[in-house]
Amino acid sequence: MTLQGWFWAALARWFDARDLSGVAETCLRHAAATEGRVALDSAWRIGKRLLDQDRNLEAARILQALIERDPGHVRGWCALGAARRRLAEMEAARSAFERALELDPGFAPARNNLGEWLLMKGDSEAALAEFDRAIADSPELLEAA
């Protein structure tokens, strides 16, 4: 962890708490440009924020860079899959969800997203099996229910 990365990440949280999301995003970008766990977490937070704002192409770019830096980042793979699905890159989305599940078979959000993917492809039986597994792994995951 670098002190600079920690500083930018803390500043981003401070701005977020004051509903200054644009400035917070800039701080997160600075934090993501550093090294260490804080940088990776900041990159994931930017990607998630961009997905929440339907800025899917930009999110996909940030998340792709994140998993290139940390190929074992389960949440990054899952979020990248969501971005790819929204961009209608269906096979890339499935691959990302499956990679997240290879890294952590009990990661319910990836299992749920794979279920949604299967549902979109018309395989309701396989989708229901994925939703059931997601609920078994994480009963509080409302999306799967």
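First, the ground rules. This is a predicted model, in which local features need pLDDT of at least 70 and side-chain atom pairs count only at pLDDT 80 or more, while totals for chains, interfaces and linings use all residues. Residues are numbered from 1 along each chain as its sequence is written, and side-chain values use heavy atoms, with hydrogens and water left out.

Helices here are DSSP runs of H or I with at least four residues, numbered from the N terminus. Two packed helices are described by the angle between their axes and the distance between the axes. The axes are lines fitted to C-alpha atoms over the stretch in contact, and angles run from 0 to 180 degrees between N-to-C directions.

Start with α3 and α4. Helix α3 covers residues 37-52 and helix α4 covers residues 56-69. They pack at about 160°, axes 8 Å apart. That makes α3 roughly antiparallel to α4 (the term applies to angles over 145 degrees). Their crossing is left-handed, meaning that the near helix is turned anticlockwise from the far one by less than a right angle.

Who makes the contact, that is, heavy atoms within 4.5 Å? From α3, the residues include Ala43, Trp44, Gly47 and Leu51. From α4, they include Ala59, Ile62, Leu63 and Leu66. By class, this contact has 11 nonpolar, 2 polar and 2 charged residues. Nonpolar covers Ala, Val, Leu, Ile, Met, Phe, Trp, Tyr, Cys and Pro; charged covers Asp, Glu, Lys and Arg; the others, Gly among them, are polar.

Now compare α1 with α3. Their axes come within 9 Å and cross at roughly 35°. This crossing is left-handed. Gly5, Trp6, Ala9, Arg13 and Asp16 of α1 meet Val38, Asp41, Ser42, Arg45 and Arg49 of α3. The classes here are 3 nonpolar, 2 polar and 5 charged.

Take Arg45, in helix α3. Is Arg45 buried or exposed? Buried, at 14% relative accessible area. The cut-offs, with a 1.4 Å probe and protein chains only: buried is under 20%, exposed is over 50%, partly exposed is in between. Leaving out residues up to four places away in sequence, Arg45 touches Ala9, Arg13, Asp16 and Leu28.

That brings in Leu28, from helix α2. Leu28 is buried, at 0%. Its C-alpha is 5.4 Å from that of Ser42, 14 residues apart in sequence. Beyond four places in sequence, Leu28 touches Ala12, Ser42, Arg45, Ile46 and Arg49.

Next, the core. In soluble globular proteins, nonpolar side chains tend to be buried together. A nonpolar core means buried Ala, Val, Leu, Ile, Met, Phe, Trp, Tyr and Cys residues joined through side-chain atoms within 4.5 Å. The largest one has 38 residues, and Leu51 and Leu63 touch the most other members. Helix α5, residues 74-86, is among the elements giving two or more residues. Leu63 contacts Trp44, Gly47, Leu51, Gly76, Ala79 and Leu80, setting aside neighbours within four places in sequence.

Asp70 sits in the loop between α4 and α5. Asp70 counts as buried, at 15% relative accessibility. Not counting residues up to four places away, Asp70 touches Arg37 and Leu40. Glu98, in helix α6, is partly exposed at 30%.

Note on methods: Parallel < 35°, antiparallel > 145°, perpendicular 65-115°, else oblique. Contact = heavy atoms within 4.5 Å.
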